[in-house]
Amino acid sequence: ALRGAIRRGEVDVSVIGRDNFHTFHGFIAEMLTGRIQPGQITSPARRMFPPARFHNAEIEQIDLERKVIVTARHLDGKRYELAYDHLVVTLGSIDDLSRYPGLAEHALKLKTYWDCFKVRNHILSMLELAEIETDPAERQRLLTFVIVGGNYGGLEGAAELEDYIRILARKEYPRSNPAESRVIVAHSGDRILPELVKEHPKLVDYAERYLRSRGLDLRTGVRLSAATPEEAVLSN
């Protein structure tokens, strides 16, 4: 919105960011399952913010009296000072992992780019381990994934994951049996897709029937209570 004013010289804008890219969350499910490459969910900051200047560094201090921001570069901690007239603080959001015991230590998160990249590699690692495992029960354990939340994002990820495992097992992991894999969705509400329940209940009915026909284990009315290295503990 400020681009015109910046070009006319009416305002001078600098954007400070720890990362030099923006992660687009709309394509995370496709990135996790290899439909698109990891780099395709990121947009370079230097292409997004011009004609504003972009300053890639960590904010160390904000001096309100002097109206100066102190930043430090990643390489060696060298500090820089940027003066300002008006300061806009855009904190964004973080996942609250303190509400459920063990979540911070044991759950796989999809907030940052590196979180997503880690999950993608973890899925492939489980397929590799299942390929060499001779115990059917252990293979099923390795290929059991629990997704918490039956909204748009959770169900898109679950459906992509079910499809991905089935296709890869057939094409590239001949010793794995797709029937041994399980994708479980735990949702606290009575119906999945709460965004649609009020206005489009028939679409929700269809989605439930279709996803269950594809083999997804939809569990409604249950919440996540805790996580351990081997279990997602549900409220029931």
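Colleague: Are Glu180 and Arg139 buried or exposed?

Modeller: In this predicted model, both Glu180 and Arg139 are buried.

Colleague: What makes Glu180 and Arg139 a salt bridge?

Modeller: The closest N and O atoms of Glu180 and Arg139 are 2.8 Å apart. A salt bridge requires a side-chain nitrogen of Lys or Arg within 4 Å of a carboxyl oxygen of Asp or Glu, so the pair qualifies. The two residues come from distant parts of the chain, with Glu180 in the loop between helix 7 and strand 9 (182–187) and Arg139 in helix 6, 41 residues apart.

Colleague: How many salt bridges does the structure hold?

Modeller: The structure holds 18 salt bridges. One of these pairs Arg66 with Glu81, whose closest N and O atoms are 3.0 Å apart. Here too, distant parts of the chain are linked: Arg66 belongs to the loop between strand 5 and strand 6, Glu81 to strand 7 (residues 79–83), and 15 residues separate them. Side chains of opposite charge can pair when their charged atoms come close.

Colleague: What makes Arg73 and Asp76 a salt bridge, N to O?

Modeller: Their side chains meet at 2.6 Å, N to O, and the limit is 4 Å, so the term applies.

Colleague: Why is Arg73 called partly exposed?

Modeller: The relative accessible area of Arg73 is 27%. Buried means under 20% and exposed over 50%, so Arg73 falls in between. Asp76 is placed in that class as well, because its relative accessibility is 48%.

Colleague: Why does Asp63 count as buried?

Modeller: Its relative accessibility is 18%, and the threshold is under 20%, so Asp63 is buried. Asp63 lies in strand 5. Beyond its neighbours within four places in sequence, Asp63 is in contact with Val68 and Tyr84.

Colleague: Why does Leu64 count as exposed?

Modeller: At 63% relative accessibility, Leu64 is over the 50% limit and therefore exposed. Leu64 sits in the loop between strand 5 (58–63) and strand 6 (68–72). Together with Ile59, Ile62, Leu87, Val89 and Leu91, Leu64 makes a nonpolar surface patch of about 590 Å².

Colleague: Why does Arg79 count as exposed?

Modeller: Arg79 has 52% relative accessibility, and exposed means over 50%, so the name holds. Arg79 is placed in strand 7. Among residues beyond four places away in sequence, Arg79 touches Glu60, Gln61, Val70, Thr71 and Ala72. Arg79 and Glu60 are 19 residues apart in sequence, while their C-alpha atoms are 8.4 Å apart in space.

Colleague: How do you know that the span of helix 5 agrees with the 1.5 Å a residue?

Modeller: Helix 5 (residues 113–132) has 20 residues and should therefore span 28 Å; its end C-alpha atoms are 30 Å apart, which agrees.

Colleague: Which residues of helix 5 are buried?

Modeller: The buried residues are Tyr113, Cys116, Val119, Arg120, Ile123, Met126, Leu127, Ala130 and Glu131. Because their arc around the axis is only 155 degrees, they are on the same side of helix 5. On the other side of helix 5, Trp114, Lys118 and Ile132 are exposed. The cover over the buried residues of helix 5 includes strand 2 (21–23), helix 2 (28–32), strand 3 (42–44), helix 6 (136–142), strand 8 (144–148) and helix 7 (152–171).

Colleague: How does the span of helix 7 compare with the 1.5 Å a residue, and what covers its buried residues?

Modeller: With 20 residues, helix 7 should span 28 Å, and its end C-alpha atoms are 28 Å apart, which agrees. Its buried residues include Gly154, Leu155, Gly157 and Ala158. Their cover includes helix 2, helix 5, strand 8, strand 9, helix 9 and strand 10.

Colleague: Which residues of helix 9 are buried?

Modeller: They are Val204, Ala207, Glu208 and Leu211. These fall within an arc of 100 degrees, seen down the axis, so they line one face of helix 9. Lys202, Arg209 and Ser213 are exposed on the other side of helix 9. The buried residues of helix 9 pack against helix 7, helix 8 (194–197) and strand 10 (217–220). Just after helix 9 comes Gly215, with a positive phi of about 105 degrees.

Key. Residues are numbered from 1 along each chain as its sequence is written. This is a predicted model: local features need pLDDT of at least 70, side-chain atom pairs count only at pLDDT 80 or more; totals for chains, interfaces and linings use all residues. Side-chain values use heavy atoms; hydrogens and water are left out. Helices (H or I, at least four residues) and strands (E, at least two) are DSSP runs, numbered from the N terminus. The expected span of a helix is 1.5 Å times one less than its number of residues. Buried means under 20% relative accessible area, exposed over 50%, partly exposed in between (1.4 Å probe, protein chains only). The arc is that of the directions from the helix axis to the C-beta atoms. Contact means heavy atoms within 4.5 Å. Patches are made of residues with over 30% relative accessible area and no salt bridge: like charges are joined within 9 Å, nonpolar side chains (Val, Leu, Ile, Met, Phe, Trp, Tyr) within 5 Å. Accessible areas come from the Shrake-Rupley method with a 1.4 Å probe; for residues, only the protein chains shown count as cover.
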